Amino acid sequence: MDIIIRYRTHRQYGSEQRAVAAFRRRVPGHPDASYARILDLLVRIYDATVEAVERAPLCACTRREGAVFEQARAAVSAELAATFDDAGIHAGMFIDWIHYWHCLR
């Protein structure tokens with residue numbers, strides 16, 4: 001998650017190749033081709049999560065709103081899970097970060 005946030009939000013690494021290299025260093029031991037595929041999938045999930053959070057009522061909520069916030073978050077999570085099937089679990093990791101970065105700060 002950290003690499004994707006640094007790569008997409010903070011524009012670190014400068015290129016996809018450098019982000020893949022960072023990913024390879026953090027999670028060693030996999031075939032080289034898998035790092036680029038996983039990075040691509042996580043970037044697509046991250047970007048879709050940004051779009052879903054910004055479009056949803058979630059962006060107008062804070063955690064203090066309790067049930068309203070949880071309902072809006074659940075709707076975003078369900079949308080992403082439907083879009084990405086089993087990979088949607090990664091979207092859940094991004095929702096809170098993206099809510100903070102794109103809506104609250």
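Author: What follows is a set of questions about labels, each answered by placing a value against its definition. This is a predicted model, in which local features need pLDDT of at least 70 and side-chain atom pairs count only at pLDDT 80 or more, while totals for chains, interfaces and linings use all residues. Residues are numbered from 1 along each chain as its sequence is written, and side-chain values use heavy atoms, with hydrogens and water left out.

Reader: What makes up the secondary structure of the chain?

Author: The chain has five helices and zero strands, giving the pattern α-α-α-α-α along the sequence. Helices (H or I, at least four residues) and strands (E, at least two) are DSSP runs, numbered from the N terminus. The C-alpha trace spans about 45 × 30 × 20 Å along its principal axes.

Reader: Why does Thr83 receive its accessibility label?

Author: Thr83, in helix α4 (residues 67–84), has 52% relative accessibility, so Thr83 counts as exposed.

Reader: What makes a group of residues a nonpolar core, and which members touch the most others?

Author: The term covers a set of buried Ala, Val, Leu, Ile, Met, Phe, Trp, Tyr and Cys residues joined through side-chain atoms within 4.5 Å. In the largest nonpolar core, of 32 residues, those touching the most other members are Ile4, Tyr46, Val53, Leu58, Val76, Leu80 and Phe94. Two or more residues come from each of α1 (2–8), α2 (16–26), α3 (32–55), α4 and α5 (88–104), and α3 gives the most, with 10 residues.

Reader: Which residues does Phe94 contact beyond its neighbours within four places in sequence?

Author: Taking contact as heavy atoms within 4.5 Å, and leaving those neighbours aside, Phe94 is in contact with Met1, Ile4, Ile5, Leu42, Ile45, Tyr46 and Thr49.

Reader: Why is the pair of Trp97 and Tyr100 called tilted?

Author: Rings of Phe, Tyr and Trp (its six-membered ring) pair if their centres lie within 6.5 Å, and planes under 30 degrees apart count as stacked, over 60 as edge-to-face and the rest as tilted. Trp97 and Tyr100 are 5.8 Å centre to centre with 50° between the planes, so they form a tilted pair. Both lie in helix α5, three residues apart, about one turn of the helix. Because its relative accessibility is 22%, Trp97 counts as partly exposed, and Tyr100, at 39%, counts as partly exposed too. Trp97, Tyr100 and Trp101 form one aromatic cluster.

Reader: How do you know that Arg105 lies over the face of Trp101?

Author: A charge sits over a ring if NZ of Lys or CZ of Arg is within 6 Å of the ring centre and within 35 degrees of the ring normal; Arg105 lies over the face of Trp101, at 3.7 Å from the ring centre.

Terms used
Buried means under 20% relative accessible area, exposed over 50%, partly exposed in between (1.4 Å probe, protein chains only).
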